[in-house]
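Student: Please take a close look at one part of this model and tell me how it is built and what it packs against.

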Amino acid sequence: PREYRKSIQEDHTLTPEEQELKISEEVESCIQNFRSIFEEEEHNKLVEMGKRRLSHKATIAALLIMIYRDEPLFQMPFQLLTCLMDIDEVLTTWRYGHANMVVRMLGSKVGTGGSSGYHYLRITGGRSHRILYLLLF
């Protein structure tokens, strides 16, 4: 956005060429993000790489709901998405607390369910395992 461009232009540690390069990189990043949302082929590449979890159709539907959330038709779907994100946040918080408890109790020993213990919990508790994180943020 404009604020980002302004902050780059006010950064006197960068030369004008470096400023323009940073701005053009940011513009290219925005274009790539839009492509990943609106072009099904680009979206599917991200799904294959594990960076997106929902189908292209589901992503567009969720985006539509988020954009038109104030319209009466989309208020209930928006409330559902909001509740799902709340559940996601609570589960993530619980996973983090559980992983901390495990490392205090077991250290790096094998987990009680036969998993690798804390290391497994640390991996599954990250942002990539959140339900809607990759779609909406």
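Tutor: Among contacts (heavy atoms within 4.5 Å) in the protein chain between residues at least 6 apart in sequence, 33% join residues at least 24 apart. The model is predicted, with local features needing pLDDT of at least 70 and side-chain atom pairs pLDDT 80 or more, while totals for chains, interfaces and linings use all residues. Numbering starts from 1 along each chain as its sequence is written, and side-chain values use heavy atoms, without hydrogens or water.

The protein chain has 7 helices and 0 strands (DSSP runs, H or I of at least four residues for helices and E of at least two for strands, numbered from the N terminus). Of its 137 residues, 22% count as buried (under 20% relative accessible area; exposed is over 50% and partly exposed in between, with a 1.4 Å probe and protein chains only).

Helix α2 covers residues 16-38. Its 23 residues should span 33 Å at 1.5 Å a residue, and the 33 Å between its end C-alpha atoms agrees with this (the expected span is 1.5 Å times one less than the number of residues). Gln19, Ile23 and Ser36 are the buried residues of α2.

About one helical turn separates Phe34 from Phe38, because they are 4 residues apart in α2. Phe34 counts as exposed, at 53% relative accessibility.

Helix α3 (residues 40-48) packs on α2 at about 95°, with the axes 5 Å apart (lines fitted to C-alpha atoms over the stretch in contact, angles from 0 to 180 degrees between N-to-C directions). The two helices are therefore roughly perpendicular (65 to 115 degrees; under 35 is roughly parallel, over 145 roughly antiparallel, the rest oblique). From α2, the contact uses Gln32, Arg35, Ser36 and Phe38, and from α3, Glu40, Glu42, His43 and Leu46. These contact residues divide into 2 nonpolar, 3 polar and 3 charged.

Glu40 also has its C-alpha atom 9.0 Å from that of Ser55, 15 residues away along the chain. Ser55 sits in the loop between α3 and α4 and counts as partly exposed, at 42% relative accessibility.

How values were computed: Ala, Val, Leu, Ile, Met, Phe, Trp, Tyr, Cys and Pro count as nonpolar, Asp, Glu, Lys and Arg as charged, and the others, Gly among them, as polar.
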